[in-house]
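Subject: Structure handover

Hello,

Here is the structure I promised you. Please open it first, then read my notes beside it.

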Amino acid sequence: MDKLFNEKLISELSAQTGVGKVVTAMCVARGYRDKAAITAFLHPEISALTPPEKFKGMFDAAELIKKHSLDGRILIFGDYDCDGIGAAAMLYLALKDHGADVQVYIPTRVEDGYGLSVQALERATANFSPTLLITVDCGIGSSEEIAFAVSKGLDTIVTDHHEPSEVIPEGIVIDPKLDKSLPELCGAGVAFTLLRALYGDDYAMNYIDIAAISTIADLVPLVGDNRIIAAFGLKKMCYGEKRPGVQALLEVSGHKSSKLTASDIAFRLAPRLNASGRLSSAFKSFRLLTETDAKTLYELARDLEEENKRRQQLCNDTFRDAREMLREYDLTHHRIIVLHNSNWEAGVVGIAAAKIAEEFRRPTVLFVDKDDCYKGSCRSIAGINIHDVLSAASDTLIQFGGHAMAAGLSIRPENLQKFTAVADAYIKSVYSESLFLPVYESDAELTAKEITPELVKEIEMLEPCGMGNPKPRFKTLFTALPFNRIKSLPHIKAKLSECAELVAFNEFDKIRLLRSPMQKEIFYSLELDNFRGNVAVRALFKGFRITEIKPSDEMVFSCYAEKFVPVNAAERLPSVDSGYDEMFGRLLICFSLNTFKRLSEQYPDYRRILTEPDMPNPYNAILLSPSVYADLSYYSVIEVYDSPADSYIDFLKNSFSAEIVRIGNTSDIPKGSIDVDRKALVKLFSYVKASAEGKIFEGVEDIYFKLCVRGYDKDYYSFLTAWYVLREIGVVYIDKENVVRLSKEKKDLGKSKILKIAEQRI
């Protein structure tokens with residue numbers, strides 16, 4: 001859309017709707033471009049839900065359920081995630097409430113595997129002898145299993161939301177994916193629609209809280225029907241009586257506020273409800289949603305809390321293992337990540353795959369052992385349909401199922417390499433390389449003065465936020481930002497205005513870059529902070545991008561000086577990559593602005609970065625003034641310009657598996673105003689002895705902070721260079737326990753190469 005026309009449209013719509021221009025612009029960006037559409041989006045109504053009759057098979061299913069409710073026995077076959085559990089719970093409670101003889105079977109990962117299976121059906125029907133089988137959140141790809149159920153005399157209803165296979169199961173099948181005009185519901189959303197068909201909207205509203213939890217948890221787009229379900233479900237939980245099991249789970253998780261947001265569901269309730277299905281039996285979570293005995297519910301809630309803690313640890317271990325394995329993976333030439341580890345827990349590989357996909361910006365598949373095959377979970381990135389990728393490689397697979405962003409699959413071990421090659425070739429041939437580039441997105445650019453409580457209150461109209469309607473992210477262009485450390489924590493904050501504060505958690509090591517006068521874009525979200533009746537705005541830091549890399553002479557010189565300090569190399573891994581391609585694998589390191597400018601002109605498509613890569617993906621890049629702590633593990637070729645210390649080249653060779661190539665002579669690296677004479681060194685030594693000796697080393701920023709608290713008054717880069725001189729000659733060292741120590745031996749300042757270089761540039 002033309003920018004001028006866009007601005008005109010936003011002004012007109014803002015006037016028509018009475019909504020501010022910032023929120024109106026975000027509505028337009030989300031595709032709502034007239035008054036009616038914006039009003040419907042910002043003020044969802046139950047009456048706007050898709051009528052059940054639009055779903056093929058919906059009323060046939062309702063009639064069949066009513067028939068078996070009178071003179072039969074109904075078995076609901078669910079799934080072990082939050083979506084399947086919620087769908088099963090809603091149908092069970094509603095059918096039981098209407099007098100049906102109904103039972104629920106929730107499969108287990110270990111015994112039953114994913115989805116519907118003949119073995120699970122045999123176990124489920126063994127004692128109950130049902131006359132009607134209803135699947136929820138599964139079954140669309142299980143034509144053989146449904147045929148088996150029919151052969152046993154069962155009527156069948158399949159309710160699902162996953163991508164259908166070529167063969168549709170017999171009997172009644174309800175899946176919005178069979179009709180592109182229908183909304184993209186989750187399994188519980190389909191079950192909720194079935195309840196509407198059975199008993200009407202008013203009755204179905206009794207279960208909209210469960211439908212909302214499953215909808216938010218399953219990461220379906222929070223637009224259309226899903227937005228309505230999520231919004232009204234949250235209202236029910238905030239302003240009505242919470243379901244006893246939900247209340248118990250919130251309490252054991254530490255949630256104290258009466259307010260409940262989509263984020264609370266996604267990051268507090270959903271992980272705990274999912275935990276049992278990942279590690280033991282999801283029937284615990286089903287019981288939490290369906291039972292009413294307070295004692296039983298709190299026991300179940302505590303069990304889920306403990307299982308969630310274990311799940312978090314297992315997930316962190318899996319993520320750490322996968323990240324370590326990627327150091328030996330060919331990230332230069334592969335566009336998909338495929339890893340296998342027999343020690344991983346099947347229930348957490350999907351979460352770990354999502355974290356890897358997000359960090360490395362590539363579709364990711366993690367496999368575990370399952371009987372005589374590998375079982376895997378896939379997660380994708382925006383723009384790449386992982387279900388289509390698996391379809392293209394289906395000849396190498398035993399089975400697979402899922403949707404665009406997530407899927408499950410199984411494979412014979414001997415086909416793993418072929419699967420990786422086919423999937424990789426398909427992605428390269430179908431998808432644009434731009435999808436793998438870092439994304440710096442924001443919904444709007446604000447000035448500091450525009451960040452007010454009134455704006456944040458208006459932005460809250462966009463809630464509930466989630467997949468398809470992300471929480472708004474803003475950006476503001478700054479030069480220097482007046483960040484200060486929060487106590488002795490690794491967090492920093494900066495005052496943006498009288499009523500707004502920017503908080504950056506665990507970003508203390510970035511404080512100098514953020515304070516520097518280089519032009520940068522700061523990305524953040526906004527929320528209201530109501531403390532003792534005082535309403536203020538808290539901006540939560542989400543990252544930054546330096547738009548104009550022009551570091552000071554002092555910063556460049558101090559970084560160059562750092563390379564003369566002895567550093568212990570990490571354990572080097574064997575090299576697996578070969579060369580580089582047009583997009584990945586090559587890193588050009590330099591230490592002078594002149595070289596940086598020359599390389600930038602020579603390689604205009606390379607990313608330009610300062611101090612360290614902003615993500616581990618080995619994009620072809622030019623790196624100015626690298627930190628010695630920068631993780632360069634995933635590059636296959638590293639070219640080093642400006643001739644830093646030989647010890648730094650040795651460090652790179654000993655630490656990373658890349659081919660290290662040294663190019664060019666030392667460029668002029670101006671010293672600027674750095675003060676590093678003998679007097680300055682003696683002064684620093686005395687302050688280190690008084691304030692840092694014997695303390696755990698938590699980085700040079702932390703040392704400088706400790707010294708300044710005690711009265712040290714040198715500027716940061718003078719301190720930094722002097723610190724490196726003391727480290728270079730061994731006056732100060734960090735021992736094996738990571739403790740700051742001072743040498744008892746006399747050291748010769750004349751041996752400092754940093755001082756010699758500094759003297760040449762005075």
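Start with the open sheet. It has five strands, in the order β19-β20-β18-β21-β22, and the pairing is parallel. Keep in mind that this is a predicted model.

Look at the edges next. β19 (607–610) and β22 stand there, each with a single partner strand, so one side of each has no neighbour in the sheet. On average, neighbouring strands are turned by 20 degrees against each other, direction ignored.

β19 runs parallel to strand β20 (residues 621–624), and four bridges join them. In that pair, R607 stands opposite A621 in β20.

Helix α22 (residues 593–602) lies across β18 (586–590), β19 and β20. Its direction is at about 170 degrees to β20. Helix α23 lies across β18, β21 and β22, at about 160 degrees to β22. Helix α23 (residues 646–655) also belongs to a β-α-β unit with β21 and β22, and that unit is right-handed.

Next, the nonpolar cores. Which residues touch the most other members of the largest core? They are L526, I589, F719 and W723, in a core of 114 residues. Helix α26 (residues 716–728) gives the most to this core, with nine residues. Leaving aside its neighbours within four places in sequence, W723 is in contact with L684, V688, F697, V700, I703 and V732. Another core, of 80 residues, lies apart from the largest one. Among its members are L194, Y207, A262 and L289.

Last, helix α8 (residues 187–199). Helix α8 has 13 residues. From first C-alpha to last, α8 reaches 18 Å, close to the 18 Å expected at 1.5 Å a residue. Is α8 enclosed or open? Twelve of its 13 residues are buried, so α8 is largely enclosed by the rest of the structure. The buried residues include G187, F192, T193, L194 and R196. After α8 comes G200, with a positive phi near 90 degrees.

Best wishes

Conventions: Residues numbered from 1 in each chain as written. Predicted model: local features only at pLDDT ≥ 70, side-chain atom pairs only at ≥ 80, totals over all residues. Heavy atoms only, no water. Core = buried A, V, L, I, M, F, W, Y, C linked by side-chain atoms within 4.5 Å. Buried < 20%, exposed > 50% of the residue type's maximum accessible area, 1.4 Å probe, protein only. Helix = DSSP H or I, 4+ residues; strand = E, 2+ residues; numbered from the N terminus. Contact = heavy atoms within 4.5 Å. Right-handed = clockwise from strand over helix to strand, strands pointing away. Expected span 1.5 Å × (residues − 1). Pairing = 2+ DSSP bridges. Axes fitted to C-alpha atoms, helices over the stretch in contact; angles between N-to-C directions.
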